[in-house]
Amino acid sequence: MVFEELTARLNDAGYKNWVKAGHCLRTLQEGLRPYTDSEMRSFHRDVLKQDPLLRQSCRGSCSLKGDQVSSLCRECLGWQRVILHHHRCPEVKVNWENCSPQAWRLEHWELAKAFMPRGLLRVKGAEQCDASALLNLINFCTRFHSVETRAVREVIQCRNELMHSCELRVDEAWMRRYQRALGRLLQQLGHVAALAEAGRQIKEILTADWSICVTGLPHLQGFVEPDSGSRWETNTESISRWEAELLQERLQELLHDDGAQGAEQLPRLKDLLRANRDLEERFCAELQALSAREAAGAVG
Ligand SMILES: [Zn+2]
């Protein structure tokens, strides 16, 4: 039985919540991508219109490393002023190392990255950004002045708690807080089609009773209704896919970043993969890479 192990995992209400909440976040991300992309495109256009200096190309080959911003040419300094002017928290939070100054004039997303968490130098567009990056953009860039920052920050906080949950579990009280936070944010963005759709899907995910999978196990007697049977199959396949996407994302973050951010989650994640044959097979390559990295770390 293919989904037997998944079914057993979903019997753990805390883990089921964790997967649901993670899938909601990915759904939000899908809605935020076209919205932030189109807003930043307009923002970039507006900024260019207002100042002729900004329409001139970079005179040197300006680049930024860390906080070194003194070596910019006049044109790039103009862009830097624009960023500081439109940043809600310029004294602490501008991640200049995300940016290639020469591209500020040409690429709206190069401008957007100044408002995002660090580590995004090679990112080229909204479709490569996760929910956290996009929420930070909305939080810090005054372009999004119509969105209440408290609502954005609540969702960012929930996202951090979820992604760093050592146990890969969240309880019902946490889910209610998360649902309220998502609701408050999405209410303000309801006029954006992609986010109205995301809101509808999120509501569906949060109200769906995934325990249908549990009752649907064929070896449980008295269940076999053809209708529910096929519905169970569809649901289970989707849930299995969502779970895999979420676990994949966590593993990639732990493998490719310095690992510090979510490191506390690693032991539980490895236990989970090793204790479940289906996951162990699916994530065999990632498990090997993690072991190799640990071995290297132990030596170094
Ligand atoms: Zn320059």
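In this predicted model, helix α8 passes helix α9 in a left-handed crossing; a crossing is called left-handed if the near helix is turned anticlockwise from the far one by less than a right angle, and right-handed if clockwise. Helices are DSSP runs of H or I with at least four residues, numbered from the N terminus. Residues are numbered from 1 along each chain as its sequence is written. As the model is a prediction, local features need pLDDT of at least 70 and side-chain atom pairs count only at pLDDT 80 or more, while totals for chains, interfaces and linings use all residues.

The axes of α8 (residues 172-188) and α9 (residues 193-207) come within 10 Å and cross at roughly 160°, with axes fitted to C-alpha atoms over the stretch in contact and angles running from 0 to 180 degrees between N-to-C directions. The crossing angle therefore makes α8 roughly antiparallel to α9 (over 145 degrees; under 35 is roughly parallel, 65 to 115 roughly perpendicular and the rest oblique). On the α8 side, Gln-179, Leu-182 and Leu-186 make the contact, and on the α9 side Leu-195, Ala-198, Gly-199, Ile-202 and Leu-206 do so, contact being C-beta atoms, placed from the backbone, within 7 Å.

Now to the second pair: α2 (residues 13-50) and α6 (residues 131-140) have axes that come within 9 Å and cross at roughly 50°. This angle makes α2 oblique to α6, and their crossing is left-handed. From α2, Leu-25, Leu-28, Gln-29, Leu-32, Arg-33 and Thr-36 meet Ala-131, Leu-134, Leu-137 and Ile-138 of α6.

Technical notes:
Helix = DSSP H or I, 4+ residues; strand = E, 2+ residues; numbered from the N terminus. Contact = placed C-beta atoms within 7 Å.
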